[in-house]
Amino acid sequence: MAVRLEPHRSIPEAVVLRNARILDPRSGDIAAPQSIMTRDGRIEEISSSTRTVSGAVEVDAGGFTVLPGLIDSHAHVTQSSGDFQEILSWTPDYHAARTARVLHEMLLRGFTLVRDMGGADNGLARAVDERLLTAPRLKAGGPIFAPTGGHALTEVVDGEVEIRRAFRARFRDGADHIKMTLSGGVISKMRLEALAFSEEEILAAVDEARLAQRYIAAHVYTAEAVSRALRLGVRTIEHGNLLDEECIRLFLEKDAYYVPTLATYWAILSGATGHGLAPEKRAAVQDIFERGLESISLAASAGVKIGYGTDLHGEGLPFQLEEFRLRARVQEPLEIIRSATIVGAEIVGESGKAGIVEEGAYADLIAVDGDPLSDIGVLADASSRRIIMSGGDLLPLP
Ligand code: ZN
Ligand code: ZN
């Protein structure tokens with residue numbers, strides 16, 4: 001029998017947040033002040049009651065806006081360096097320690113759930129669930145899969161048999177999803193327009209995911225690659241900067257999700273990452289960034305379900321909240337808040353449990369100073385955080 005370790009600091013069994021003005025991302029309303037009582041990591045009761053709960057920690061949220069904990073649907077928590085050769089030189093233990101730091105910092109920004117899109121394995125998600133780390137809950141899929149010659153950093157598979165074998169092993173080991181690269185990348189040896197994997201290979205992958213009751217996420221850029229992925233049954237489209245009307249039609253028909261990642265291009269353009277990038281590559285990044293804004297605008301006005309993604313690495317990681325500001329160029333604050341809460345929860349199959357502050361949901365929430373519905377900067381700026389609660393645990397803020 002495995003011995004479970006105690007969490008490294010004590011977590012209150014029950015907490016009562018007083019005077020909490022809760023923002024509901026579904027309706028866009030901010031309710032009158034209420035008390036939120038959490039117990040054993042869940043929200044047990046939301047009411048106007050002022051009774052004291054024996055043994056509960058009391059916190060005053062008066063004057064702040066309470067939101068669900070944020071969800072980043074495209075992160076790389078294991079990529080704390082932008083230099084992949086350097087990462088490969090790390091021992092597994094050192095790598096894990098670096099990752100623990102990345103996760104803690106994400107939580108301090110208010111992210112209480114993160115979907116890793118390549119790198120993190122199920123062991124890390126387990127360590128978070130067992131509270132060995134102070135970290136957001138994690139959805140992990142293991143390595144990214146690409147064909148020979150494809151855009152990827154991790155595992156190469158060719159042909160239906162190899163795909164089925166590799167994916168069965170991944171799902172057996174607890175992968176929540178698997179990400180495949182179905183086209184080239186902006187900074188990649190494989191041309192952006194090039195398509196990766198045959199239709200038969202993609203169908204085999206989608207079939208394995210269906211059998212495991214999981215799903216396939218795809219790295220894709222061009223309209224052709226996005227449409228092909230959606231037609232073949234891919235559930236989440238990552239990046240997808242070059243959408244056209246046919247893509248929009250397929251998103252709606254297939255009930256699929258769009259996860260743009262503007263922050264990663266912005267990190268390059270602002271000089272935080274991508275040092276030593278050739279001028280023509282930089283121009284390509286600028287173009288893909290602008291086309292990404294246009295695609296979000298197109299998708300949002302058609303009612304496509306859009307998740308909040310960032311896709312940051314190394315020196316770019318501190319810009320995880322910048323995506324709020326970037327999207328505000330083409331979207332209203334409430335739409336962006338929905339992306340980072342209720343839509344993120346749908347993507348990982350946790351509707352009603354994550355991305356919402358209501359009875360029965362995880363006790364994952366943040367209280368911010370200001371009204372993010374009128375000023376999205378309140379969410380884009382980590383210093384507005386006054387309370388961060390993750391699974392009922394109140395985080396000490398710096
Ligand atoms: Zn990608
Ligand atoms: Zn990525």
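A salt bridge here is a side-chain nitrogen of Lys or Arg within 4 Å of a carboxyl oxygen of Asp or Glu.

Okay, the structure. This is a predicted model. The protein chain splits into two domains. Domain 1 comes in two stretches, 14-69 and 355-394. Who takes part in the contact? Domain 1 gives 27 residues, and domain 2 gives 23.

Now the interface itself. How much area do domain 1 and domain 2 bury between them? About 2000 Å². Of that, 66% is on carbon and sulfur atoms.

Next, the salt bridge I promised. Across the interface of domain 1 and domain 2, the rule finds one. Which side chains meet in a salt bridge at 3.8 Å, N to O? Arginine 137 and aspartate 364. The N to O distance of 3.8 Å falls within 4 Å, so the pair qualifies. Polar contacts, then. Between the two domains the count is five residue pairs, with both residues at pLDDT 80 or more.

Let's look at the side of domain 1 that touches domain 2. Three elements each supply at least two residues: strand E6 (65-68), helix H12 (377-380) and strand E18 (385-390). The largest share comes from E18, with four residues. And the make-up of that side? It divides into 15 nonpolar residues, seven polar and five charged.

That's the tour. Happy to take questions.

How values were computed
Residues numbered from 1 in each chain as written. Chains lettered and ligands numbered in written order. Predicted model: local features only at pLDDT ≥ 70, side-chain atom pairs only at ≥ 80, totals over all residues. Heavy atoms only, no water. Domains from an automatic or database assignment. Contact = heavy atoms within 4.5 Å. Buried area = accessible area lost by both parts, 1.4 Å probe. Polar contact = N/O pair within 3.5 Å; in protein donor to acceptor, adjacent residues only side chain to side chain. Nonpolar A, V, L, I, M, F, W, Y, C, P; charged D, E, K, R; others polar.
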